[in-house]
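Please open the model in your viewer and keep the selection tool at hand.

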Amino acid sequence: MQKFTFLLLVISSQLLAQQNFTLNGFVRDAQNGEELIGVSVYIPSLKAGTVTNAYGFYALSLPRGTYEVQFSYIGYKTQTLTLDLNENVARNITLQSEALVIEAITITDKPLDENVIAVQMSKNTLNMSQVRKLPALFGEVDIIKNIQMLPGVISAGEGTSGFFVRGGSADQNLILIDEAPVYDPSHLFGLFSVFNADVIKDSELYKGGIPARFGGRLSSILDVRTKDGNNRETDITGGIGTLASRIAIEGPLRKEKSSFIVSARRSYVDVFLKAADQDNLVYFYDVNAKINWRHNNKNRFFLALYGGRDVFSFSDDFGFQWGNLTSTFRWNHLFNDRLFSNVSVIASNFDYKLELKDPVQGFKWISDLQELSVKTDLSYAANAHNELTFGYHLTGRRFAPGRVAPNTSGSIFDVVEIQHMYALDHAFYISNRQWVGDKLTLDYGARLSIFQNVGKSQVYLYTDPTDNVNIERTDTLHYKTLETIKAYINLEPRLSMRYLLAPGQSLKASYNRMVQNTHLMSAATVPVPFNTWSPSSYYLKPQIADQVAAGYFRNFNDNMYEFSVEAFYKDIRNVTDFADNAEIFFNDDISTEYRQGRSWSYGSEWMVNKTKGKLTGMVSYTLSKVMRDIPGVNLGKPFRANHDRRNVVNAQAVYEVNQKWTFGANFTYSTGRPITLPAGKYEYGPYNPDVITDRNGYLLPAFHRLDLSVTLNPRKNLSRKWQGQWVFAIYNVYNRQNPFTIYTRTKQDKDGNVIGDGTEKEARLIYLFPILPSVTYNFKF
């Protein structure tokens, strides 16, 4: 009996020695109470750790023992906590900024050497403090314009917020604001984006190695989170710019428990037009609002709203408008010391309207896309070396491609409406981040996509679904409400790995498969708001992309310089295009215009980033190639995608002379964009149609531009609540006429007279912005 008792004591002592306990909590800014995203939580003795998630939460499962825990975040004082872990411990941490004047320091949402030690590659986090010091068009800070300066990202051109990532098209980017999708991120045709910089807390762009919790697009995820609101004191910030002004108010509803933030922004181009006696109306506005309530340390609730709209009206004859509405309700819940969950209910609406006001030909055209999602995401700290994330997402979509109705009693138009389309999108995912020894870290998992195109709807059958000239219907299939028309099931594996070669340098590799079941119905080469979307369907297959990437990352001079080089290859199946001369709008037989094929892209991305000192900035170079091969397009021959730009160079620099004066500069260069132009004409009876040889067979001239800015911070009086700032900027300093597009016309002399017999053509260049100076006054109190 004594031997048995002794054996039990030995076994019990071994079990207790191996027993794990959990350290968890939230990390917050000591000044305003905002949760901090991406704080490094590191255990030096174990050479293991984690980072706070999107809600500022961290959890570590550790064996019994005494540990030194380091909480570090650039721009904040590192806090070291020593504790004896012999039970589960909940410890909330507040980090103090390293300076009393917060504007005088650089704050980024990452630890000092994140680019080396993080397993995630092909990811960029915008430094909002740095972005505010760079030149901006009309003085309006725009994160989309800064996204377009990153390696692997190509701008769609001036006058648009569209961008292309690693060979993908603009519709293959998932743009989120507080988890809600934004289908068109532009204001004033891309002069501004929908993101008001005053309310942005964090913004991350994933170009590859995309985590399993994200899906629905092929090329990238732009995840933008807005501020929760200062829960300690009330702040008012704003700015008065050349074309638009903005204001934001934040503060506590109940100190330390609940807070709010509300912002509004509006342009006043219409005011200038009215002053010039122009009977036109051109403006945009947007509003952000957010409240949160911390019930206790285990439950927190958020409600975020966004609404924005652009309105154009010309002499009360013709007008159009478009807009986005989103809402997000989130519930953070801590089940136990290891299991954290977030449940989100998300709604999004995008619509556009066109109207012609005429007694005879007057009409109103409306199109919209509505989306409702429920998402459950969980994270589980299994032990010191494994962290699981898993969840389920359900999304329902209603597509209303177009409805035309007369707007006067005498209009020649009748009510015409293309049938609505409906879809259900299910996704299950699981992933594990695993620390394998001191050098190797893995992040692996999968996402299961189950997509249903559902009724109520009808589907036409054709003798030849690809014949868009001699269309012959053979039957019509009718489907009831929520009856499945077509279902697609796809598994999306994800893998990222990082191997530390030595302190300050690492190798990384990743693979991801992405599936996209929403398709942009547009033949335009530049993203515009007047496009409709369609779900995968009876005739339209899901787009599927496989991407592999590898890179080398190294920091120098105590993390002052960050260097990285990445190479990638992406293959896309079922990429959607349209037959030549396709009829896109109000075509009941639009499925006969679909053409799906293959696209592939590859390239390398080089970047050097200086993060410390008076002079900071970034230089990047991207070399890439994008090709497409689609049966029925370009006579079946492979062709360059219209966003194929082989060489792109970007540079950004900020020089802080002192706390009063800061200088900023942007420079960008890219190879010209491919376009399709007629090679000649031929006679066909009384007509002279154009001869089109190769799709995207011509290149526009190269695109390049230099922008400069000066920021003046008047000497601060800490006893005064009001703080002001002047920003002077020049866009396109050397007045480069960058091509927006080229069109052909009958050749004319300088007086507009046709030359010769009218058969000779000439190309004409359209460009948008000359040199543009701007002044902005920012304030805070």
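**First stop: a loop residue**

Select Ser315, which is partly exposed at a relative accessible area of 36%, a class lying between buried (under 20%) and exposed (over 50%), computed with a 1.4 Å probe on protein chains only. This is a predicted model, in which local features need pLDDT of at least 70 and side-chain atom pairs count only at pLDDT 80 or more, while totals for chains, interfaces and linings use all residues. Residues are numbered from 1 along each chain as its sequence is written, and side-chain values use heavy atoms, with hydrogens and water left out.

Ser315 sits in the loop between strand E22 (299-314) and strand E23 (318-334); strands here are DSSP runs of at least two residues, numbered from the N terminus. Show Asp279 and Asn280 as well, since Ser315 is in contact with both when neighbours within four places in sequence are left aside (contact means heavy atoms within 4.5 Å).

**Second stop: an open sheet**

Next select strands E3, E2, E5 and E6, which in that order form an open sheet with antiparallel pairing, where two strands pair if DSSP finds at least two bridges between them. Strand E3 (48-51) and strand E6 (79-85) are the edge strands, each pairing on one side only. Within the sheet, strand E2 (residues 40-43) and strand E5 (residues 65-72) pair over three bridges, and Tyr42 has Gln70 in E5 as its bridge partner.

With neighbours within four places in sequence left aside, the contacts of Phe138 include Leu191, Phe192 and Leu772.

Conventions: Helices (H or I, at least four residues) and strands (E, at least two) are DSSP runs, numbered from the N terminus.
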